[in-house]
Amino acid sequence: MYIQRFFQSSSLRWAWRFAFLKHIQSGYQGTCRWTHFGGSTYKAVIFDMGGVLIPSPGKVAAEWEVQNHIPSGTILKAFIEGGENGPWMRFMRGEITVQNFLQEFEGLCSQMSKTSVPVDSFFSLLTSERVAKQFPVMTEAIAQIRAKGLQTAVLSNNFYLPNGRSFFPLDRKQFDVVVESCLEGICKPDPGIYKLCLERLGLQPSESIFLDDLGANLKAAASLGIHTIKVDDPETAVQELETLLGFTLRVNIPNTRPVRKTMEIPKDSLEKYLKDLLGIQTTGPLQVLQFDHGQSNPTYYLRLADHQLVLRKKPPGALLPSAHAVEREFRIMKALANADVPVPNVLDLCEDSSVIGTPFYLMEYCPGVIYKDPSLPGLEPSRRRAIYTAMNRVLCKIHSVDLQAADLEDYGKHGDYILRQVQTWIKQYRASETSTIPAMEKLIEWLPLHLPSQQRTTVVHGDFRLDNLLFHPEKPEVLGVLDWELSTLGDPLADVAYNCMAHYLPSSCSLLRGLNDCDLTQLGIPTAEEYFRMYCLHMGIPLIENWNFYMAFSFFRVGAILQGVYKRSLTGQASSATAEQSEKLTEFMSNLAWDFAVKEGFRVFKEMPVTKPLMRSYHTWVPAQSLLTPMGTRSYCSIPETPPAHVSKGVLVISPEGLSPPVRELYHQLKCFMEQHVYPAEPELQSHQASVDRWRPCLLMEDLKEKAKAEGLWNLFLPLEIDPEKKYGAGLTNMEYAHLCELMGMSLYAPEIFNCSAPDTGNMELLVRYGTEEQKARWLVPLLEGKARSCFAMTEPQVASSDATNIEASIREEDCSYVINGHKWWITGVLDPRCQLCVFMGKTDPLAPSHQQQSILLVPMDTPGIKIIRPLTVYGLEDAPGGHGEVRFENVRVPKENMVLGPGRGFEIAQGRLGPGRIHHCMRLIGFSERALAFMKARVKSRVAFRKPLVEQGTVLADIAQSRVEIEQARLLVLKAAHLMDVAGNKAAALDIAMIKMVAPSMACRVIDRSIQAFGAAGLSSDYPLSHFFAWARALRFADGPDEVHQATVAKMELKHRT
């Protein structure tokens, strides 16, 4: 059930951490470390056939001898008898015919065993399609090797068949070179056959890897300088080959992972059971993986020989009598398979707990597609509608099953299904109740009084939704309905209502992703009303008038389940953050349920209204429910109360009070942290920047970072639009983050404390938007964790870099690398000893169109040829330890895989990086200005000049008023730009982004200057942050484009689009 999956922790972060650890562990290996990410120096893999790609003759012989009562080892002894001149070796060199070999070999075997040996029977088995079948793991490995551009070859000791053809039961298209001993007249371990293979590959011995199961053959290959792998087990050999090549060779089974320690099952007894069940003789090892879903009843992927299976079992430990009934699942799926309902083919139910510890059942593994996002991103509208139609038809098939014909009449009770369900969930809720939720109290009173007067009884799935369906990968066809744990006999409309819940939930709800904030018409997805009408049409029934009741019941049921989760978490079975989250989700679901219950004539198929009275403040506000996104969906930002569902994504909120409750609470949490930790630390942080140790990271800063991370105030900057699953950040919209960013702008040190400082934020966003998975693993992970810093190298001293087409630094392709030469300056952060990555912009093709000449490369800072010339100062400020550097790049060689997006895409990437960055700068500038104004107000209230408090001076009052007006104007413009970025995209918001970059720095300069003037000489000192504020505000009239560029942009767009 999805409730169990909701609290499942993400395995993605462990994959990221593993990738990062591999980088750290290889950090002292020079350029060799790149082999971990696919940069292997090997150019070919050479395979033996028997014992590597197909079962070895020796193993086939051993099984055949047992079956035919031949003394063990007879065939193997005959293989080696006579050495190079024995019948087996001569046969493989093509020197004798099949008939002569069989005659001679049979005589030899019979003589050795002192019994008649039917060698022709063994030969038929050895060459049969049943036995001579390629191991799937090797087929997958070869495909992956070739996909990476490496060559593959077979170097086989084989023989002729009676039809005159060579014995080669493999697809020759898998290999660039095939060397067969019977055709060449030479066998392994003769060095000549290896040399022949290498010659045809056009490679040196050191550029290839050879796999064989025989030591003598491996020894001969190794003596020539070929790297060798001994194959005792194909699966293990592939793992070793992966290590050498630096990339995976096994096709991943979607939605699986290694079996969790607490969920391991005994493989030996299971393998014996499977062999008996399937009649398998010759096999490879049993592969076992665990599916991410199916957490209530643990579900496993099995592969044994050519059989791919799914095992679903009861969990261990004491269970309630009716819970986790895999026997019922097996029964319903077996029955429905004969009733035209698409379900996986079930094979066997094992109730013998001695096999793996609990009862289980087996079904065939069916490859297909599971759509986890109901909005079906990436598909055409017509395809989306077809998928929803297919889902609807399958639900109708389930509800149309003839109970008597399917022998399911006793699968559940008949009649009063809704009454029993309501009573059950009221009881469950009361047992787990921790506080009074008004909506739940109303529902508990209302539901029993409004039960449907008529109910049909059919098979009901109980958890029917899109991500419990397996679809054909190429057409809108349901291949299988999964997860029948909650199935019973009941009212079919409960299934339909449950299936429509996603229509009333927001898209950011990870518990059950929704469609409430999606344009269904544009997507091609039927509305809930259309979907319900479609169901009634397919079933041939009239529309149901009390549809609201079924929706109310569905949300009430989920709310009761969530309350149970919350109660269990209080006893230590879940984290406190998860507990608090599930409590709020319970209230949210119950409010939705009550909306359906009480709104007579409520337009349930339209946008849902607020359930509480609307309270207006001076901010813009549109009613919207908030929903917390479940924990475990991201790895690098752990907010105790997770972000809202952004039902109001299209609403411009102009003050923190207008934010949704979770984001508003996050804002206040951030504000408290600033007051308790950041502002008090500023003197010490400033002293460190003036000390002899200023170019080393400050220990206090690192301590504050750990505190911020522990409180979930970390990586708040990544916009929801590029991180919709919240894998990396907090899932805030640009507008929501703008309010938090302003707060961080109150202190020069705050952005770094919360891992929200430039240029790292822009570089991380660049990697999320455009980076490959390998680039993200190598660079994004340590940046997100705060273990590394980065810089962005674009500006050059020789040219006017405000026009990026002027960039002169060159990026030249050479062999398998790019070679960089160039002179850059004002590279912020480059002096930090933690700076590991330089995002470099240079020209790859000076002859291309002007905006397609530039490219972006990821350059490790420890690459030879990077020379830091000097630190630069801003009005005398060094900004240690990151600083701003002037740097030369002289013949800096970077692997080709470090190119971002592709050659000629640099300008596009830089523009995509700058949009959110400009918003961040502008909101921080407003933070500067607000604090400067606060300093000014406090100062003028406490100082007297010319026998009169400064606060009473007319010019001072005018300055305060002017500053307030300018701050408010700039804030509104910035929030509008952020709002447009959220609802229309960065490109559509280009004009507004240009306007805020024009307005905010100049505004900040004026406001801060007025504050400095009110302070007198003290305003110029380091006793207050005003001089630093001013320096940065002035610098930002250049950074990310000078004022003049943005003014030109605004003017051109004004002339183009307005009359």
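Tutor: Start with Asp 233, whose side chain makes a polar contact with the side chain of Thr 236 at 2.6 Å. A polar contact is a pair of N or O atoms within 3.5 Å; within protein, one must be able to donate a hydrogen and the other to accept it, and residues adjacent in sequence count only if both atoms are side-chain atoms. This is a predicted model: local features need pLDDT of at least 70, side-chain atom pairs count only at pLDDT 80 or more, and totals for chains, interfaces and linings use all residues. Residues are numbered from 1 along each chain as its sequence is written, and side-chain values use heavy atoms, with hydrogens and water left out.

Asp 233 sits in the loop between strand E5 (227-230) and helix H12 (234-245). Helices (H or I, at least four residues) and strands (E, at least two) are DSSP runs, numbered from the N terminus. Asp 233 is buried yet has no salt bridge. Lys 59 is the nearest side chain of opposite charge, 6.9 Å away. Lys and Arg count as positive, Asp and Glu as negative; His and the chain ends are not counted. Buried means under 20% relative accessible area, exposed over 50%, partly exposed in between (1.4 Å probe, protein chains only). A salt bridge needs a side-chain nitrogen of Lys or Arg within 4 Å of a carboxyl oxygen of Asp or Glu.

Now the charged pairs that do meet. The structure holds 57 salt bridges. One of them joins Glu 180 and Arg 172 (3.1 Å, N to O). Glu 180 counts as buried at 3% relative accessibility, whereas Arg 172 is partly exposed at 41%. Another joins Glu 271 and Lys 275 (3.7 Å, N to O). These two are 4 residues apart in helix H13 (residues 267-278), so about one helical turn separates them. Glu 271 counts as buried at 18%; Lys 275 is partly exposed at 29%.

Glu 702 and Lys 705 also form a salt bridge (3.4 Å, N to O). Both lie in helix H24 (residues 699-710), 3 residues apart, about one turn. Glu 702 is partly exposed at 24% relative accessibility. Lys 705 is buried, with a relative accessible area of 4%. Shared partners extend the pair: salt bridges join Glu 702, Lys 705, Glu 752, Asp 760, Arg 789, Asp 832 and Arg 834 into one network.

Next, the rings. Rings of Phe, Tyr and Trp (its six-membered ring) pair if their centres lie within 6.5 Å; planes under 30 degrees apart count as stacked, over 60 as edge-to-face and the rest as tilted. By this rule there are 33 aromatic pairs. Trp 446 and Phe 549 form a tilted one, 5.9 Å centre to centre with 35° between the planes. Trp 446 belongs to helix H17 (residues 438-446) and Phe 549 to helix H21 (residues 547-573), so the pair ties together parts 103 residues apart in sequence. Trp 446 and Phe 549 are both buried. Phe 935 and Phe 1015 pair edge-to-face: 6.3 Å centre to centre, 75° between the planes. Phe 935 lies in helix H29 (residues 906-942) and Phe 1015 in helix H31 (residues 990-1015), so this pair ties together parts 80 residues apart in sequence. Phe 1015 is buried, at 5% relative accessible area.

Now a sheet. Two strands pair if DSSP finds at least two bridges between them. An open sheet of 6 strands runs in the order E6-E7-E8-E9-E11-E10, with antiparallel pairing. Strand E6 (256-257) and strand E10 (346-350) stand at the edges with a single partner strand each, so one side of each has no neighbour in the sheet. Strand E9 (residues 307-313) and strand E11 (residues 360-364) pair over 5 bridges in the antiparallel sense. Val 310 stands opposite Met 363 in E11.

Last, the backbone. Most residues other than glycine have a negative phi, and most peptide bonds are trans. His 69 is not a glycine, yet has a positive phi of about 60°. His 69 is in the loop between helix H3 (57-67) and helix H4 (74-80), and counts as exposed at 70% relative accessibility. The peptide bond from Lys 188 to Pro 189 is cis, with omega near 10°. Pro 189 lies in the loop between helix H9 (181-184) and helix H10 (191-201).
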